[in-house]
Amino acid sequence: MASLGLGGLNVSARRKSVPSRNAAVERRNLITVCRFSVKTLIDRSCFETIDDTSPEFNNFAAILEQILSHRLKGQISWFGYESPRSFWDYIRVACRKVSHNCICSIENMENVGSSRAKGRAWIRVALMEKHLSEYISTALRDFKTTRRFYEDGAIVLGEEANMLAGMLLGLNAIDFSFCLKGEGLDGSYPAVIDYTPYLKFTQSSDSISSDEEELRTLGSSGSEGSTPENIGPPFITDDSSWYNKCKRVEQKYRLALEQKGYLEELVRLRENQLSESVSQNKLLLQRIEDMDLAHKMEKEQLEYIIVELQDQL
């Protein structure tokens, strides 16, 4: 009986661990494929302009939409029914504090009606403004609003949320060009992720050498007439592989230069803002000192008037 009781406890523990394990795998998959998507976007931007026709962008937009929609709570109606909700409902509340935000502009767009379409328009506008990472960081810092819109286990409530904002920072080096009247804003269908660009198998050099050794072993253990050439085609190293490696290194170098220029410009902007803040602070301090001096002089005059009035009385 004791063994049966322990067996039942083990089964119930395994049943409880399966949903948590599935949720963790789902979060890890979305974050990983988002990182791959950002890298492919950055690589593609070195050769062409990223717009609505780019498959890399369409895939990235679908991934980000699913991340922001992960375990999103529904909206409870007056009759107690739960209706589905779009991530735009969360963004327009949590990103109000972003300076010079585009929330009101998207709300007033005439050709964008549904909430899902407004969310897709926001992704495009934020990318063109180079503020997508700032929007996400501001929304995640508003933890109270995030808890109100998302259930436990959501990506935006976990440790993966911190990785997301930093991951999107590299997209600020890309100049995007979107049309906000295209079919990509149609909110009548859900976003679908294409995983095939990220499922490419690359055979390592150690694996190739082991295959060659296995072919030689099979050739020597065969009949006298059989040779390794008769068993299968030889492994040849083409110069194109080295050319592709050089091209990838060149792309990474260009990307690093663009990001370096963007970060230098960002530092220069922050330094200018800091100097302006310091000068404004000095002006405010000078104004406070002047007001204190005027207040003291006015107080002395009032005291002198009071003394004169007392003498007259």
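The legends below describe close-up views of a predicted model.

**View 1. Overall fold of the predicted protein, with 11 helices and 2 strands.** Read from the N terminus, the elements follow the order α-α-β-β-α-α-α-α-α-α-α-α-α. The protein has 313 residues, of which 30% count as buried, and it exposes about 21500 Å², with carbon and sulfur atoms supplying 56% of that area. Among contacts between residues at least 6 apart in sequence, 72% join residues that are at least 24 apart.

**View 2. Packing of helix α2 against helix α5.** Helix α2 spans residues 55-68 and helix α5 spans residues 115-129, and the two pack at an angle of about 120° with their axes 11 Å apart. Because angles of 65 to 115 degrees count as roughly perpendicular and those over 145 as roughly antiparallel, α2 and α5 are described as oblique to each other. The crossing of α2 past α5 is right-handed.

**View 3. Residues that meet between α2 and α5.** The α2 side contributes Phe57, Asn58, Phe60, Ala61, Leu64, Glu65 and Leu68, which meet Arg116, Arg120, Trp122, Ile123, Arg124 and Leu127 of α5.

View 4. The structure holds 0 disulfides. Cys95 counts as buried, with a relative accessibility of 0%.

**View 5. The exposed cysteine Cys246.** Cys246 has a relative accessibility of 52% and therefore counts as exposed, the cut-off for that class being over 50%.

Technical notes: Residues are numbered from 1 along each chain as its sequence is written. This is a predicted model: local features need pLDDT of at least 70, side-chain atom pairs count only at pLDDT 80 or more; totals for chains, interfaces and linings use all residues. Side-chain values use heavy atoms; hydrogens and water are left out. Helices (H or I, at least four residues) and strands (E, at least two) are DSSP runs, numbered from the N terminus. Buried means under 20% relative accessible area, exposed over 50%, partly exposed in between (1.4 Å probe, protein chains only). Contact means heavy atoms within 4.5 Å. Accessible areas come from the Shrake-Rupley method with a 1.4 Å probe; for residues, only the protein chains shown count as cover. A disulfide is a pair of cysteine sulfur atoms within 2.5 Å. Axes are lines fitted to C-alpha atoms, for helices over the stretch in contact, and angles run from 0 to 180 degrees between N-to-C directions. Angles under 35 degrees count as roughly parallel, over 145 as roughly antiparallel, 65 to 115 as roughly perpendicular and the rest as oblique. A crossing is left-handed if the near helix is turned anticlockwise from the far one by less than a right angle, and right-handed if clockwise.
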